[in-house]
Amino acid sequence: MSEKTFDLHLIDHSGFYGIKDSNIELIRKLFPKLKIIVRGDMVKVIGEDEEIEIFYQRFQLLLDLFDKQGKIENNEIVNLMLYDQDEQSSNNLNGDDLILYGRNGIPIKARTPNQKRMYGAIYKYDMMFCIGPAGTGKTYTAIALAVKFLKDKKIKKIILTRPAVEAGENLGFLPGDLKEKLDPYMQPLYDALNDMLPAAKLNSYFEDGTIEIAPLAFMRGRTLENAFVILDEAQNATLGQMKMFLTRMGENSKFIITGDVTQIDLPPHQASGLLQTCQMLRNIDDINFIFLNENDVMRHPLVSKIIKKFEENQRD
């Protein structure tokens, strides 16, 4: 007789266990030779070595699927726990445009043609520029792709960064230390992550450094390896900052640079480095450029009309 223990503190165990532990009861019926003990975040399994080994492999697949979907159905429990199959089988449930399942099992998809291009291109290109107006989902889609790569264990770390440029407001007058001053500015990044990861897991990732959110200046001097790195609001980076950031790229890393060239918050004497960088790098085959437009806007229908009017006004 031997035993194995599973630590579910990063999993929404109440959702995983099911109503009145119904999912656990189903698993017990599927493995009647094992004694399965549930205490809070811990699941202990006692039985013969061979039976425990089979259970361990299949239960791990079940945890992985729940982690990706945020929910688990009875038929999925039966299929994964009762029959031999590899991890790829659990991934075939995804639709073509589904990036991942967020909190509470909400599907997060690439919904527009250019978002779908982002999804497809990230597997081919290690560096991608996504330029477009507000509301086109460029940042949200980029973060969803980063979380997917983390869940699929293709990278070990997510780094989200922005230039610390004040959009008409003075950060120096805000209360608190540097982190407290910057957190409101980084809030859109936190909001996206909150949609995609359970609170306990997200907090754990912040604590152990698996996910890092930091101002662009904090990237200087670093080599970013085994990481999915997103530079957001890149229109507010100078040419020198763009060079500094892009040259941080290390082995097995993905870089996505997002920006909206119609909303530059730099002082008048400073030029945005984003378009200059795009022009300089446009002939490098290994870098992908995706330009989103008002057709990609996922906010209120009025937003697309507003963006179009602003663009018309700038041309006049």
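Which residues in helix 2 (residues 22-30) are buried? I will come to that after some background.

This is a predicted model, in which local features need pLDDT of at least 70 and side-chain atom pairs count only at pLDDT 80 or more, while totals for chains, interfaces and linings use all residues. Residues are numbered from 1 along each chain as its sequence is written, and side-chain values use heavy atoms, with hydrogens and water left out.

The protein has 12 helices and 11 strands; these are DSSP runs, H or I of at least four residues for helices and E of at least two for strands, numbered from the N terminus. Of its 316 residues, 47% count as buried, meaning under 20% relative accessible area with a 1.4 Å probe, protein chains only. Take contacts, meaning heavy atoms within 4.5 Å: among those between residues at least 6 apart in sequence, 71% join residues at least 24 apart.

Back to helix 2. The buried residues there are Asn23, Ile24, Leu26, Ile27 and Leu30. Seen down the helix axis, they fall within an arc of 160°, so they line one face of helix 2; the arc is that of the directions from the helix axis to the C-beta atoms. Their cover includes helix 1 (13-17), strand 2 (35-39), helix 3 (49-69) and helix 4 (74-82).

Two of those covering elements, helix 3 and helix 4, also pack on each other, at an angle of about 145° and with axes 8 Å apart. The axes are lines fitted to C-alpha atoms, for helices over the stretch in contact, and angles run from 0 to 180 degrees between N-to-C directions. On the helix 3 side, the contact is made by Phe55, Arg58, Phe59, Leu61, Leu62, Leu65 and Gln69. Helix 4 contributes Glu76, Ile77, Leu80, Met81 and Leu82.

Now the strands. Strand 6 (residues 127-131) and strand 11 run parallel and are joined by five bridges; strands pair if DSSP finds at least two bridges between them. In this pair, Phe129 stands opposite Phe289 of strand 11. Strand 11 (residues 287-291) is mostly covered, with four of its five residues buried.

Last, a loop residue. Where is Thr238? Its place is in the loop between strand 9 (227-231) and helix 10 (239-246). Thr238 counts as buried because its relative accessibility is 19%. Leaving aside neighbours within four places in sequence, Thr238 is in contact with Gln270, Ala271 and Gly273.

Note on methods. Buried < 20%, exposed > 50% of the residue type's maximum accessible area, 1.4 Å probe, protein only.
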